[in-house]
Amino acid sequence: MNTIPVNSDNDDYQTAAEWLEQLSEQPLDELSKRRLLLWLDSNNERRALFERMLSTWADPALTQAAQNLLASQQARTAASAGAGFRRGAAWALCLTLCVALLVSNRFLGEAPAAKTLPFATATGIRHDLQLSDGSLLEISPASRLAITLSAQQRNIELQAGATYFRVAKDKTRPFAVTIGTASVVAVGTEFNIDKRLHETEVTVYEGAIEVRANPTAQPLLLRAGERALISAKGVETVAVNLAELVDWRSGWLELQNGSLGLVVEQLNRYSPTPIQLADPALAKIAVAGRFRLKEVDATLQLMTELHQLEQRQITQQGKAVIQLFARQ
């Protein structure tokens with residue numbers, strides 16, 4: 001049975017992403033179908049968000065799943081009367097148009113409208129997104145983006161998480177990514193951006209990009225095999241060995257001069273239960289090694305053994321949270 005919750009306290013972006021991910025992987029059972037439809041019907045903004053995210057989720061399996069959902073919705077509205085029927089029919093028509101847009105953009109190559117579409121991945125789930133210009137985005141778990149594609153521009157705002165970009169060449173439309181006040185501009189290249197709490201890490205795998213710490217800063221040219229660390233202090237560049245480099249796409253976190261705070265931040269992209277440090281000072285504990293990101297429990301156990309910590313599960317605002325404490 002599908003277990004995605006319908007909870008008004010949940011972030012709507014993440015909830016919509018979880019439903020889309022579930023739809024793309026397997027048919028929903030009858031109970032989950034009713035729960036999804038109730039969630040969609042409960043708020044027009046949720047419905048609009050779901051439609052926009054659906055139009056960016058270029059996945060034939062999801063198209064079929066959406067069609068199945070549409071059939072379910074049509075059956076549901078056929079049994080309703082009056083305003084309920086009209087509302088359901090209107091939603092069914094919107095979903096039909098979204099599916100048609102998804103199919104046409106992916107298979108017919110039609111130019112998308114100049115509007116910004118949100119996209120999000122759920123905790124623990126990554127997603128590959130093919131844009132209509134041919135660019136491929138490999139998006140890490142717990143990430144949020146806003147995508148704007150038109151005949152004149154290709155703009156991405158990375159709001160949270162990490163994304164590996166394989167940019168299709170188009171000299172007339174540079175590919176721009178903004179991360180807070182910082183920005184990256186490319187024409188045709190491959191690079192990874194990891195937006196973290198205190199800094200953003202940008203690594204170039206192929207070609208070259210321009211990096212700015214803020215809109216008024218001078219652009220810095222970054223080539224393959226180079227990395228920029230963008231923070232409040234500006235931009236720091238370091239060389240990396242691409243042949244030996246391990247990034248999030250491998251499923252591992254490799255640190256040489258890392259910190260416990262960074263480990264917890266990365267694990268939270270995969271942990272169904274949020275992880276916190278009871279004392280902010282613990283974030284500065286030096287950590288080195290290689291850790292399997294999806295093996296959250298094992299990594300936490302290793303951290304507690306190596307750094308004299310203990311973990312406790314507590315409840316905050318009705319939700320379970322794992323806190324790490326210094327061992328007494």
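## The largest pocket

The largest pocket holds about 1,500 Å³ of space. Among its 48 lining residues, Asp194, Arg196, Leu253, Leu262 and Gln266 are the closest to its centre. A pocket here is an open set of points on a 1 Å grid over the protein atoms alone where a 1.4 Å probe fits, with protein on both sides within 12 Å along at least five of seven lines; lining residues have an atom within 4 Å of a point. Its volume is the space filled by probe spheres set on the points, which are joined across faces, edges and corners.

The model is predicted: local features need pLDDT of at least 70, side-chain atom pairs count only at pLDDT 80 or more, and totals for chains, interfaces and linings use all residues. Residues are numbered from 1 along each chain as its sequence is written, and side-chain values use heavy atoms, leaving out hydrogens and water.

## The lining

Strand S14 (252-259) gives the most to the lining, with eight residues. Helix H6 (260-267) is one of the other elements that supply at least two residues. Helices (H or I, at least four residues) and strands (E, at least two) are DSSP runs, numbered from the N terminus.

## Gln266

Gln266 lies in helix H6 and, because its relative accessibility is 2%, counts as buried (under 20% relative accessible area, 1.4 Å probe, protein chains only; exposed is over 50%, partly exposed in between). Beyond its neighbours within four places in sequence, Gln266 is in contact (heavy atoms within 4.5 Å) with Asp194, Arg196, Leu253 and Leu293.
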